[in-house]
Amino acid sequence: MTYEELIKLAKKAKDGSYSPYSHFRVGAALLTADGSVYTGANVECSSYGGTICAERAALVKAVNDGKRDFSAIAIISDAPAPCRPCGICRQMLSDFSPDMAVISASADGSFEQNRLSDLLPHAFNLK
Ligand code: THU
């Protein structure tokens, strides 16, 4: 699976966004270490803090399915800038795979690539 293919899946997942408050649609595609892909889109809540980002939507589906190791996540919105994960998503992804690749795509499909541990250095750790 190339990062371009992963971005395509994230873009398709964006169609599932429920974002009546921000009108900011986000899609994510999470690649597991064993080669499967889980997608998600943001789901907003009228009590705004209850909103679930696209990245965590994908992550909870994968974790509920027994997956624990991830190699990459692609994220895309309708905006021209690369879509980088918010702080909460960085932490939750880092709880599983701190060294995974984060592929932040722009609406035109161009992307930047970062290591999660570079986006969230000195992550919180219970251990
Ligand atoms: N959002 C995501 O889905 N992922 C992020 O990394 C940042 C923000 C969503 C949350 C909310 O529905 C909308 O984008 C605007 O913040």
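Biologist: Why does Ile 73 count as buried in this model?

Modeller: The model is a predicted one. The relative accessibility of Ile 73 is 0%, and buried means under 20%, so Ile 73 falls in the buried class. Ile 73 is placed in strand S3.

Biologist: What is the distance in space between Ile 73 and Val 102, and what is it in sequence?

Modeller: Their C-alpha atoms are 5.2 Å apart in space, whereas 29 residues separate them in sequence.

Biologist: What makes Ser 77 buried?

Modeller: Ser 77 has 2% relative accessibility. The limit for buried is under 20%, and therefore Ser 77 is classed as buried. Ser 77 also lies in strand S3. Between Ser 77 and Ala 105 there are 7.7 Å from C-alpha to C-alpha, with a sequence separation of 28 residues.

Biologist: Why is Lys 67 called buried?

Modeller: The value for Lys 67 is 19% and the cut-off is under 20%, so the label buried applies to Lys 67. Lys 67 is in the loop that runs between helix H2 (54-64) and strand S3 (70-77).

Biologist: How do you know that the side chains of Lys 67 and Asp 34 make a polar contact?

Modeller: The distance for that pair is 2.8 Å. A polar contact needs N or O atoms within 3.5 Å, so the pair meets the distance limit.

Biologist: Where is Ser 104, and what makes it buried?

Modeller: Ser 104 is part of strand S4, residues 101-105. Its relative accessibility is 0%, and under 20% means buried, so Ser 104 is buried. The side chain of Ser 104 reaches the backbone oxygen of Cys 83 at a distance of 3.0 Å.

Biologist: Why is His 23 called exposed?

Modeller: His 23 has a relative accessibility of 63%. Exposed means over 50%, so His 23 is exposed. His 23 belongs to the loop between helix H1 (3-13) and strand S1 (26-32).

Biologist: What are the phi and the accessibility class of His 122?

Modeller: For His 122 too, phi is positive, near 55°. The relative accessible area of His 122 is 82%; the threshold for exposed is over 50%, so His 122 is exposed. His 122 sits in the segment after helix H4 (116-119).

Biologist: Turning to the ligand, which pocket does it sit in?

Modeller: The ligand is in the second largest pocket. Residues around the ligand include Ser 22, Phe 24, Val 26, Thr 51, Cys 53, Arg 84, Pro 85 and Cys 86. The shell divides into six nonpolar, three polar and three charged residues.

Biologist: How much of the ligand's accessible area does the protein cover?

Modeller: The ligand on its own has 370 Å² of accessible area, and the protein covers 78% of it.

Terms used:
Residues are numbered from 1 along each chain as its sequence is written. This is a predicted model: local features need pLDDT of at least 70, side-chain atom pairs count only at pLDDT 80 or more; totals for chains, interfaces and linings use all residues. Side-chain values use heavy atoms; hydrogens and water are left out. A residue is near a molecule or strand if one of its heavy atoms lies within 4 Å of it. Accessible areas come from the Shrake-Rupley method with a 1.4 Å probe; for residues, only the protein chains shown count as cover. On a 1 Å grid over the protein atoms alone, a cavity is a set of points where a 1.4 Å probe fits but cannot get out, and a pocket is an open set with protein on both sides within 12 Å along at least five of seven lines; lining residues have an atom within 4 Å of a point. A molecule sits in a cavity or pocket if more than half of its atoms lie within 2 Å of its grid points. Ala, Val, Leu, Ile, Met, Phe, Trp, Tyr, Cys and Pro count as nonpolar, Asp, Glu, Lys and Arg as charged, and the others, Gly among them, as polar. Helices (H or I, at least four residues) and strands (E, at least two) are DSSP runs, numbered from the N terminus. Buried means under 20% relative accessible area, exposed over 50%, partly exposed in between (1.4 Å probe, protein chains only). A polar contact is a pair of N or O atoms within 3.5 Å; within protein, one must be able to donate a hydrogen and the other to accept it, and residues adjacent in sequence count only if both atoms are side-chain atoms.
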